[in-house]
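Work through the exercises below with the sequence and the 3D view open. Try each task before you read its solution.

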Amino acid sequence: MKPLSVIIVSWNACGFLQKCLSSLRQWGGSLVKEIIVIDNGSSDGSPEMVVREFPGVDLVQTGENLGFSRANNIGIKRASGAYLALINSDVVLHPGCFERLAEVIRADDDVGLVGPKVLDQDGCLQRTCRTLPTLWNTACRAFALDTAFPRWRLFSGREMRHWQHDNRAEVEVLSGCFWLARREAVEDVGGLDERFFFYGEDTDWCKRFGDAGWKVVFFPEATCTHFGGASSANAPLRFSVELLRANLVYWRKHEGA
């Protein structure tokens, strides 16, 4: 099996990062060649914790918050594995996750990006598969039609509420909390668009994979836990503004002004 590089971007998420790295140490397996942590100028002791408790981790300290896309691109350029796992600092790996995802890529040369079933801390499903934004599904969200009629495909919106995430499927968008990418595909598509500081980069990257002919695959037999909000909780107003800004950047980039 080809080696895998894990890339984690972290900003003031020390406790979550510790759990994430512990799960990688326990369940990463022989497939993991290296773990790269890009610390975006944390002030909560995260870098010190990594040095103290995980000396084998490649720690990169940026000295400032460069955003999710730019920091991940630093990790991508630094990584040497044939597969690249980009995971959030508040993700906890489950047994066999990497092996199962890597097998999906290994078995199909057209798969460029694959993601697992993601659960919250209570074991409930997080909807990580989405459709690309359209005027219709944006209107469904704006008028809460996706909430009122979640079982109707027509109204289920970008989060595909009509589907239970219970079977393997090719999808348009996978949430950026956990990706396993083929290096060849990343080199073809390019890194994350750094105009997206936080939010929106996952939709943009997945669209570019699809446009380039690479499959984006959801594989529920691989699982992980995602606590969510580890970094955004530190600055909720700023991240809310970034969410709105990311939507505008995406629409301007792909649909025009």
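**Exercise 1. Is tryptophan 179 buried or exposed? Which rings does its cluster hold?**

Step 1. Tryptophan 179 has 0% relative accessibility, so it counts as buried (under 20% relative accessible area; exposed is over 50%, partly exposed in between, with a 1.4 Å probe and protein chains only). The model is predicted: local features need pLDDT of at least 70, side-chain atom pairs count only at pLDDT 80 or more, and totals for chains, interfaces and linings use all residues. Residues are numbered from 1 along each chain as its sequence is written, and side-chain values use heavy atoms, without hydrogens and water.

Step 2. Search the whole structure for aromatic pairs: there are five. Rings of Phe, Tyr and Trp (its six-membered ring) pair if their centres lie within 6.5 Å; planes under 30 degrees apart are stacked, over 60 edge-to-face, the rest tilted.

Step 3. Tryptophan 179 and tryptophan 205 have ring centres 4.9 Å apart and planes at 55°, so this pair is tilted. Tryptophan 179 belongs to strand 11 (residues 178-182) and tryptophan 205 to helix 8 (residues 201-211), so the pair ties together parts 26 residues apart in sequence. Helices (H or I, at least four residues) and strands (E, at least two) are DSSP runs, numbered from the N terminus.

Step 4. Tryptophan 205 also pairs with phenylalanine 209: centres 4.9 Å apart, planes at 90°, so edge-to-face. These two are four residues apart in helix 8, about one helical turn. The cluster is Trp179, Trp205 and Phe209.

**Exercise 2. How many of the eleven residues of helix 8 are buried?**

Step 1. List the buried residues: Glu201, Asp202, Thr203, Asp204, Trp205, Cys206, Lys207, Arg208 and Phe209.

Step 2. That is nine of eleven, so helix 8 is largely enclosed by the rest of the structure.

Step 3. Look past the helix end. Glycine 213 follows helix 8 with a positive phi, near 95°.

**Exercise 3. Which residues have the most contacts inside the largest nonpolar core?**

Step 1. Apply the rule: buried Ala, Val, Leu, Ile, Met, Phe, Trp, Tyr and Cys residues, joined through side-chain atoms within 4.5 Å.

Step 2. The largest core has 37 residues, and Val6, Ile8, Leu21, Leu24, Phe98 and Phe178 have the most contacts inside it. Helix 4 (residues 97-107) gives the largest share, six residues.

Step 3. A second, separate core has 32 residues, including Trp205 and Trp214.
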